[in-house]
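Visitor: Please take me in for a close look at a single part of this model, and then show me what surrounds that part.

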Amino acid sequence: MEKAEVEIILGPPSTISTFDENKWYYMSNIIHRVGVSKPKVLEHQIYEIIFDEENRVIDVHQYDLSNFKEIDYNDKETATKGNEKNLIELLIRSSTRLNK
């Protein structure tokens, strides 16, 4: 099966590996929420589909809550530029709050 066929059947992947465009990931979650309590993950599944250089599927891995830690991922956060407030913006914002 080729990438185009996988995409027709499953839709676009949830994400594609940053370091290997031939690794596609499909993710699914079932989360239980009650009021304001912390949500509980009931089911978490990830399908990793690996393609060769000719865009054919060569391997499929399935991960769930029991083997989720086997996935090698980067948990560092990327800073978002443009959201920092400078001193002038902070002073203006605080003065408008005081005047209300």
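Guide: Let's begin with a term: a residue is buried under 20% relative accessible area, exposed over 50%, and partly exposed in between (1.4 Å probe, protein chains only). F51 is buried, since its relative accessible area is 3%, and W24 is buried too, with a value of 6%. The model is predicted, so local features need pLDDT of at least 70 and side-chain atom pairs count only at 80 or more, while totals for chains, interfaces and linings use all residues. Residues are numbered from 1 along each chain as its sequence is written, and side-chain values use heavy atoms, with hydrogens and water left out.

These two residues are our close-up. The model has one aromatic pair (Phe, Tyr or six-membered Trp rings with centres within 6.5 Å; planes under 30 degrees apart are stacked, over 60 edge-to-face, the rest tilted). The ring centres of W24 and F51 lie 5.0 Å apart and the planes meet at 70°, so this pair is edge-to-face. Because W24 belongs to strand 2 and F51 to strand 3, the pair ties together parts that are 27 residues apart in sequence. Strands here are DSSP E runs of at least two residues, and helices are H or I runs of at least four, numbered from the N terminus.

Four strands make an open sheet in the order 1-2-3-4, with antiparallel pairing (at least two DSSP bridges between two strands). Its edge strands are strand 1 (15–16) and strand 4, each pairing on one side only. Helix 1 (residues 3–10) packs on the sheet and touches strand 2 (23–32), strand 3 and strand 4 (contact: heavy atoms within 4.5 Å). The helix direction makes about 15° with that of strand 2 (axes fitted to C-alpha atoms, for helices over the stretch in contact; N-to-C angles from 0 to 180 degrees).

Strand 1 and strand 2 run antiparallel, joined by two bridges, and form a hairpin with six residues between them. From strand 2 to strand 3 there are 10 antiparallel bridges, and H32 has K40 in strand 3 as its bridge partner.

On the F51 side of the pair, strand 3 and strand 4 are paired antiparallel over six bridges, with E48 opposite H61 in strand 4. The loop between strand 3 (40–51) and strand 4 (57–63) holds N55. N55 has a positive phi of about 65°, although it is not a glycine. At a relative accessible area of 32%, N55 is partly exposed.
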